[in-house]
Each structure stands twice: as C-alpha cells, then as structure tokens.
Amino acid sequence: MSVRSRRKAREAALRVLYEVEVSQISAAEALSTTLAEAELAPDLNEFATMLVNGVLADLAELDSRLSELILEYSFDRVAAVDRNVMRIAAYELFHLPSVPPAVTLNEAVEIAKRYSTAESGKFVNGVLGKLLLDTPKANWNPALAPTEVEEQGEMNVPLEVEIVEVDE
C-alpha cells in the first residue's frame with residue numbers, strides 16, 4: 001500500500017468519527033455504512049477501522065492532550081471536523097510509530113482544509129505542531145522508527161510492498 005493511498009482511509013475515519021459524534025449513531029453502524037460507500041481496498045478498510053477504534057478507545061486521553069493546547073478556548077467549541085481530524089492525527093502521533101510525523105501533520109492539515117473552514121488548516125497545524133513536541137515522535141528519526149512490518153501485529157493491517165526503482 002502506498003502511503004498516499006491512506007488519505008482515503010483517513011477521510012473515511014473522519015467521516016465515521018464525525019457521524020458518531022454528531023448523529024449519536026454507533027461506531028459499528030457508521031463504520032459499516034462508510035466503508036461500504038467508500039469502496040476502499042481491504043487494507044485501507046482495516047487502516048480506517050484501526051484509526052476509528054483507536055481514537056474511540058483513547059478518546060479521553062486524546063481530548064485531554066489536545067484541549068491543553070487550545071488556550072482560552074474550549075475544546076468542545078472547536079468545529080467537529082477539526083476536532084476529529086486532530087484526534088486522528090494525535091492517535092497516529094502516539095500510537096503509530098512507523099508513520100513519519102510530517103506525514104501525519106500534512107495529512108491532517110490537507111484534510112482539514114478540504115472538509116472544514118479556510119482557516120482550519122492553520123489552526124490544525126498550530127495545535128498539532130505543539131502536540132508533536134510532547135509525543136514519542138518529537139525527535140523522530142526514520143532510521144530508528146519501526147517498520148510497518150514490525151508494527152503489523154499491533155495495527156493488524158496487511159501490507160503491500162511497493163517496489164520503486166531508483167536511477168543512480
């Protein structure tokens with residue numbers, strides 16, 4: 001699976017988390033409907049499912065960490081899309097050691113800009129930039145990061161290897 005293809009899985013996870021929060025439907029129902037409509041590859045379905053389940057399992061901790069960084073503003077007043085984009089990114093920062101932090105932040109900013117307000121990208125970037133400093137990825141070194149194969153048991157995401165030829 002190419003890293004770029006995960007954006008659709010992140011967008012599906014956002015939709016599920018948004019629906020669960022706003023519509024008060026069950027995560028299982030929202031996930032089932034969203035994944036059926038998204039028509040993602042099986043590995044992306046699993047990645048989206050892992051993100052949703054991970055965020056929901058760690059929701060109180062993620063919200064606490066994020067709300068500490070939003071000064072003079074209640075986390076509950078943040079737009080629901082922005083709040084859930086940041087939850088997904090925070091989950092990735094704390095629980096997916098093989099995903100580079102720059103990828104996590106860039107994906108969050110791009111998704112926020114696409115699905116929320118014109119200022120959301122800047123807001124999400126600012127909050128997540130501060131959060132990154134307090135994560136295991138603060139001094140991320142790709143040479144020391146685990147590979148997805150090492151992480152696969154934890155993530156339960158089957159992997160495809162993309163072979164890229166490099167001209168010397």
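Reader: Is R87 buried or exposed?
Author: R87 counts as buried, at 7% relative accessibility; buried means under 20% relative accessible area, exposed over 50% and partly exposed in between, with a 1.4 Å probe and protein chains only. This is a predicted model, in which local features need pLDDT of at least 70 and side-chain atom pairs count only at pLDDT 80 or more, while totals for chains, interfaces and linings use all residues. Residues are numbered from 1 along each chain as its sequence is written, and side-chain values use heavy atoms, leaving out hydrogens and water.

Reader: Which residue forms a salt bridge with R87?
Author: D63 does, with the closest N and O atoms 2.7 Å apart. A salt bridge is a side-chain nitrogen of Lys or Arg within 4 Å of a carboxyl oxygen of Asp or Glu. D63 is also buried, at 17% relative accessibility.

Reader: How many salt bridges are there in the whole structure?
Author: The search finds 13. One of them joins the side chains of E107 and R10 at 3.4 Å, N to O. Both residues are buried, and R7, R10, E92 and E107 are linked in a network of salt bridges.

Reader: Turning to the lining of the largest cavity, what is its make-up by class?
Author: It has 6 nonpolar, 1 polar and 3 charged residues. Among the lining residues are R10, E92 and E107.

Conventions. On a 1 Å grid over the protein atoms alone, a cavity is a set of points where a 1.4 Å probe fits but cannot get out, and a pocket is an open set with protein on both sides within 12 Å along at least five of seven lines; lining residues have an atom within 4 Å of a point. Ala, Val, Leu, Ile, Met, Phe, Trp, Tyr, Cys and Pro count as nonpolar, Asp, Glu, Lys and Arg as charged, and the others, Gly among them, as polar.
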